[in-house]
Amino acid sequence: MASGAGILLLSAIGGYWVLERASGHRGRLKQVGQILGGLIIIVSLIGVVCRVWGYATGTAGGWQCPFAAKAPSTAPASK
């Protein structure tokens, strides 16, 4: 497994752990834990998708994201 994708999958597991730990609490702490855990999982999985997409298309060493905007061309302006 690619090192970047593996680390991102491990962070998704960490997000799940945060969700599990938050379920045992009450009130604001539970809500913050659920939001934080969910956010960690979502960001990690989006990163995995970007990493796999980059490897599939063979661009930018595996870090080309399909969600990223295209960079503007750097063509010189005519005089």
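Does Gly 6 count as buried or exposed, and at what relative accessibility? In this predicted model, Gly 6 counts as buried because its relative accessibility is 17%, and buried means under 20% relative accessible area. Gly 6 is found in helix H1, and although Gly 6 and Val 48 are 42 residues apart along the chain, their C-alpha atoms are separated by 8.4 Å.

**The protein as a whole**

The secondary structure of the protein consists of two helices and zero strands. Of the 79 residues in the protein, 23% are buried. The accessible surface comes to about 6000 Å², and carbon and sulfur atoms account for 68% of that surface. When contacts between residues at least 6 apart in sequence are considered, 38% of them join residues that are at least 24 apart.

**Helix H2**

Helix H2 runs over residues 28–57 and has 30 residues. From its first C-alpha to its last, helix H2 reaches 43 Å, which is close to the 44 Å expected at 1.5 Å a residue. Several residues of H2 are buried, among them the glycines Gly 33, Gly 37, Gly 47 and Gly 54, together with Ile 41, Ser 44, Val 48, Cys 50 and Arg 51. Just after H2, Gly 58 takes a positive phi of about 70 degrees.

Val 49 lies in helix H2, and it counts as partly exposed because its relative accessibility is 40%. Val 32 also has its place in helix H2, and at 44% relative accessibility Val 32 likewise counts as partly exposed.

Which residues does Ser 44 touch, not counting residues up to four places away in sequence? Ser 44, which is found in helix H2, touches Leu 8, Ser 11 and Ala 12 when those sequence neighbours are left aside.

Gly 15 is found in helix H1, which covers residues 3–22. Gly 15 is buried, with a relative accessible area of 0%. Not counting residues up to four places away in sequence, Gly 15 touches Gly 37, Ile 40 and Ile 41, and of these residues Gly 37 and Ile 41 are listed among the buried residues of H2.

**Pairs of residues along the chain and in space**

| Pair | Separation in sequence | C-alpha to C-alpha distance |
|---|---|---|
| Gly 6 and Val 48 | 42 residues | 8.4 Å |
| Val 49 and Ala 5 | 44 residues | 8.6 Å |
| Val 32 and Leu 19 | 13 residues | 9.6 Å |
| Gly 15 and Val 43 | 28 residues | 9.7 Å |

Read together with the contacts described above, these pairs can be located in the structure. Gly 15 of helix H1, for example, is 28 residues from Val 43 in sequence and 9.7 Å from it in space, C-alpha to C-alpha, while Gly 15 touches Ile 40 and Ile 41, among others.

Definitions and conventions
Residues numbered from 1 in each chain as written. Predicted model: local features only at pLDDT ≥ 70, side-chain atom pairs only at ≥ 80, totals over all residues. Heavy atoms only, no water. Helix = DSSP H or I, 4+ residues; strand = E, 2+ residues; numbered from the N terminus. Expected span 1.5 Å × (residues − 1). Buried < 20%, exposed > 50% of the residue type's maximum accessible area, 1.4 Å probe, protein only. Contact = heavy atoms within 4.5 Å. Areas by Shrake-Rupley, 256 points an atom, 1.4 Å probe, with all protein chains shown as cover.
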